[in-house]
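Here is a short report on one structure. Look at the sequence and the model first, then read on.

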Amino acid sequence: MRCPHLPDGFDFTDPDLLQSRVPHPEFAELRQAAPVWWCAQPTGIAGFQDDGYWAVTRHADVKYVSTHPELFSSTTNTAVIRFNESISREQIDVQRLIMLNMDPPEHTRVRQIVQRGFTPRAIRSLEGALRERARSIVDAALSEADKNNGTFDFVTNIAVELPLQAIAELIGVPQEDRTKIFDWSNKMAAYDDPEYAITEEIGAEAAMELVSYAMNLAAARKECPAKDIVSTLVAAEGEGNLLSDEFGFFVILLAVAGNETTRNAISHGMHAFLTHPDQWELYKRERPDTAAEEIVRWATPVVSFQRTATQDTELGGQKIKAGDRVGIFYSSANNDPEVFEHPERFDITRDPNPHLGFGGGGPHFCLGKSLAVLEINLIFNAVADVLPDLRLAGDPRRLRSAWLNGIKGLQVSRS
């Protein structure tokens with residue numbers, strides 16, 4: 001195994017890097033030269049009192065880490081690979097209350113409860129309402145385009161709306177409150193982007209406001225159950241239900257993991273279609289069922305999460321010590337040529353497509369995968385029906401983030 005040719009100080013979690021691009025050439029170099037590579041960091045720069053993390057870049061190794069929670073913990077340092085250096089350890093530790101940052105058996109208990117709301121039947125019950133919402137969203141974007149010489153922001157007018165409305169539909173949040181959810185989730189996820197001027201304190205306040213909102217919603221459903229997921233999760237008598245605060249932290253997970261990621265998949269998907277016009281023509285003509293999975297592989301909205309080694313172990317020929325942080329890079333795994341033929345191609349007919357955009361399997365495999373795929377299919381069907389002649393009117397404006405592959409704005413216009 002040779003030494004990788006990377007610049008001194010190169011860090012895959014540098015938010016300035018991800019604001020400009022996903023580092024695919026550097027990922028390719030590591031997969032070949034050092035698939036498990038120690039990335040040194042100045043102590044504390046990521047919010048942790050250590051000097052770096054192991055970067056895991058091959059598809060097989062990312063899956064291994066994901067499916068062995070007894071060796072690689074989500075709880076010890078949470079799944080977020082980099083915070084601001086100003087964050088306190090107390091602020092990190094409180095995030096263990098979110099399901100994403102739990103290990104079995106506590107994770108198993110909570111997931112068994114919340115998955116009641118994500119059964120195939122539950123998702124199918126949303127499809128009709130979400131199809132109507134998708135069409136209304138795109139119709140409204142068409143009206144916006146007509147008022148602005150045919151140009152509009154795809155992110156603000158289309159990509160943002162359906163994930164928000166789906167969450168509102170799922171948990172019974174009044175539609176008039178959906179902008180609150182959007183604002184709170186943005187503040188929690190965008191603390192690295194100076195455009196939003198969000199500090200760790202503002203992000204923490206937004207999280208607490210969202211938890212409080214959700215807890216009040218849960219309390220109301222306990223008093224007066226309704227036919228929605230909140231009642232299913234908190235209102236029934238006996239054991240096997242979420243406490244109000246547990247439901248509040250679950251809604252945080254929905255707001256960030258469910259809203260931010262699907263929004264960015266849709267935004268990247270539209271950009272991919274418009275920069276690969278043959279694929280857009282194919283989609284409009286055939287509407288293949290495989291398109292949504294390829295959009296998620298191509299976009300990989302979550303570049304990476306992390307785990308922490310619970311004991312001395314070995315991975316990819318490297319000895320990892322107990323307590324070491326391990327970064328699992330989904331963006332690299334989803335472009336591994338050992339798994340994907342011509343991964344650099346955007347191919348909406350790709351099948352099979354064993355991408356890790358919904359996680360690498362194991363206990364943290366994305367609970368809302370079926371809902372995300374449904375949303376992506378519905379919104380692009382609506383765009384293809386109502387706005388089939390879209391074209392790019394500018395380059396995407398990328399989010400400054402240490403772990404999200406985000407798009408803040410994408411100007412498009414009608415031809």
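## Nonpolar core

The largest nonpolar core of this predicted model has 132 residues. Such a core is a set of buried Ala, Val, Leu, Ile, Met, Phe, Trp, Tyr and Cys residues joined through side-chain atoms within 4.5 Å; buried means under 20% relative accessible area with a 1.4 Å probe, protein chains only. Among the residues with the most contacts inside it are F154, I158 and F247. Helix 12 (residues 244-275) gives the largest share, 15 residues. Helices are DSSP runs (H or I) of at least four residues, strands runs (E) of at least two, numbered from the N terminus.

I158 touches, among others, I137, F152 and I379, leaving aside residues up to four places away in sequence. Contact means heavy atoms within 4.5 Å.

## Strand 2

In strand 2 (residues 52-56), 5 of 5 residues are buried. G52, W54 and V56 point one way, Y53 and A55 the other. In a regular strand the side chains alternate between the two faces of the sheet.

Strand 2 pairs with strand 1 (residues 36-40) in the antiparallel sense over 5 bridges. Pairing needs at least two DSSP bridges. Strand 8 (residues 325-329) runs parallel to strand 2, joined by 4 bridges. There, W54 has V326 as its bridge partner.

Three strands form an open sheet in the order 4-12-9, with antiparallel pairing. Strand 4 (151-153) and strand 9 (390-392) are at the edges with a single partner strand each, so one side of each lacks a neighbour in the sheet. F152 stands opposite V412 in strand 12.

## Basis

Residues are numbered from 1 along each chain as its sequence is written, and side-chain values use heavy atoms, without hydrogens and water. In this predicted model, local features need pLDDT of at least 70 and side-chain atom pairs pLDDT 80 or more, while totals for chains, interfaces and linings use all residues.

Key
Buried < 20%, exposed > 50% of the residue type's maximum accessible area, 1.4 Å probe, protein only.
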